[in-house]
Amino acid sequence: MPKVYLLAHTPNPEHTVAAAAKLCYSSSTISELNENLTNEKAASFVEMLSKIGHESPIEHASFTFGIEGVSRALLAQITRHRMASFSVKSQRYVREGAFEYVTPPEIEAEPEALEIYKEIMAEDQRRYDRLAEILKNKHIKTFMAEGKDEKTATRMAEKKAIEDARFVLPNACETQMVMTMNARSLHNFFRHRCCARAQWEIQDIANQMLELVSAVAPNLFKNAGPSCVSGPCPEGKMSCGKAKEMKEFYRRLKNNG
């Protein structure tokens, strides 16, 4: 199942945000911004920003996550959040030998569906391996005919073969990534992806991320989560109708249970 790690973040993220906010509302010089900025004052500034909707100062805090055990289908969704940086395991350069894959809970819960799913994954692996083998042998001959030695030709052929063989790999194929977002982008991400209507895999990732950042910057993410946590649900007739339960769930999540 998906696993998220908080790899790095802006040191003292709430102080950094508060110092940036002070600059907007004070005549202090930059060297004076952090003077007398206690944890309590930093928390107060962060709360003020939330109340007045002044979001730009929170962009100065960034968080870097390691995410593993997710599908390529998840990758297609998460990279829609373009105010972020991504480094993803490459199927072009990394051969998928006995690839791991993600199994949706609904499939896992149904024995017949699970059996079919496993058969499909095994067949995908066989097809991928066979395609890679055929293409690799072809490319070795081509490169050697061009004058490359056997070792060099084999190395080059391997890369070129898996570059095309990867096209048969499924969305279920497991991948991993490093992702960095600033706090403002994270708030937007949580509003959309913590929602009960979000796809299960990205909601799981979003919940883990929110729990991690809340532990290091609780005031900065006090009101983070799906829209219904801090205001009305924007989903209209598509609402899950469980705003009260969602508020309680995210209260406990951000307070580590």
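User: What makes the meeting of the side chains of Glu 123 and Arg 127 a salt bridge?

Analyst: A salt bridge requires a side-chain nitrogen of Lys or Arg within 4 Å of a carboxyl oxygen of Asp or Glu, and for Glu 123 and Arg 127 the N to O distance is 2.6 Å, so the pair qualifies. Both residues belong to helix α5 (residues 111–145), where they stand 4 residues apart, about one turn of the helix; helices here are DSSP runs of H or I with at least four residues, strands are runs of E with at least two, and both are numbered from the N terminus. Please keep in mind that this is a predicted model, in which local features need pLDDT of at least 70 and side-chain atom pairs count only at pLDDT 80 or more, while totals for chains, interfaces and linings use all residues. Residues are numbered from 1 along each chain as its sequence is written, and side-chain values use heavy atoms, with hydrogens and water left out.

User: Why is Arg 127 called exposed, and why is Glu 123 called partly exposed?

Analyst: By relative accessible area, buried means under 20%, exposed means over 50%, and partly exposed lies in between (1.4 Å probe, protein chains only). Arg 127 has 54% and is therefore exposed, whereas Glu 123 has 26% and is therefore partly exposed.

User: How do you know that Lys 148 forms a salt bridge with Glu 146?

Analyst: The closest N and O atoms of Lys 148 and Glu 146 are 4.0 Å apart, and the pair is counted as a salt bridge. Glu 146, at 52%, is exposed, while Lys 148, at 30%, is partly exposed.

User: Why can the salt bridge of Arg 184 and Glu 59 be said to tie together parts that are apart in sequence?

Analyst: The side chains of Arg 184 and Glu 59 meet at 2.5 Å, N to O. Arg 184 lies in helix α7 (residues 183–193) and Glu 59 in the loop between α2 (39–52) and β2 (62–71), so the pair joins parts that are 125 residues apart in sequence. Arg 184 is partly exposed at 31% relative accessibility, and Glu 59 is partly exposed at 36%. By the salt-bridge rule the count comes to 11.

User: What makes a set of residues a nonpolar core, and which residues have the most contacts inside the largest one?

Analyst: A nonpolar core is a set of buried Ala, Val, Leu, Ile, Met, Phe, Trp, Tyr and Cys residues joined through side-chain atoms within 4.5 Å. The largest such core has 39 residues, and those with the most contacts inside it are Phe 63, Ile 78, Phe 190, Leu 220 and Phe 221. Helix α8 (residues 200–216) gives the most to this core, with 6 residues. Apart from it lies another core, of 10 residues, among them Phe 99, Tyr 117, Ile 162 and Ala 172.
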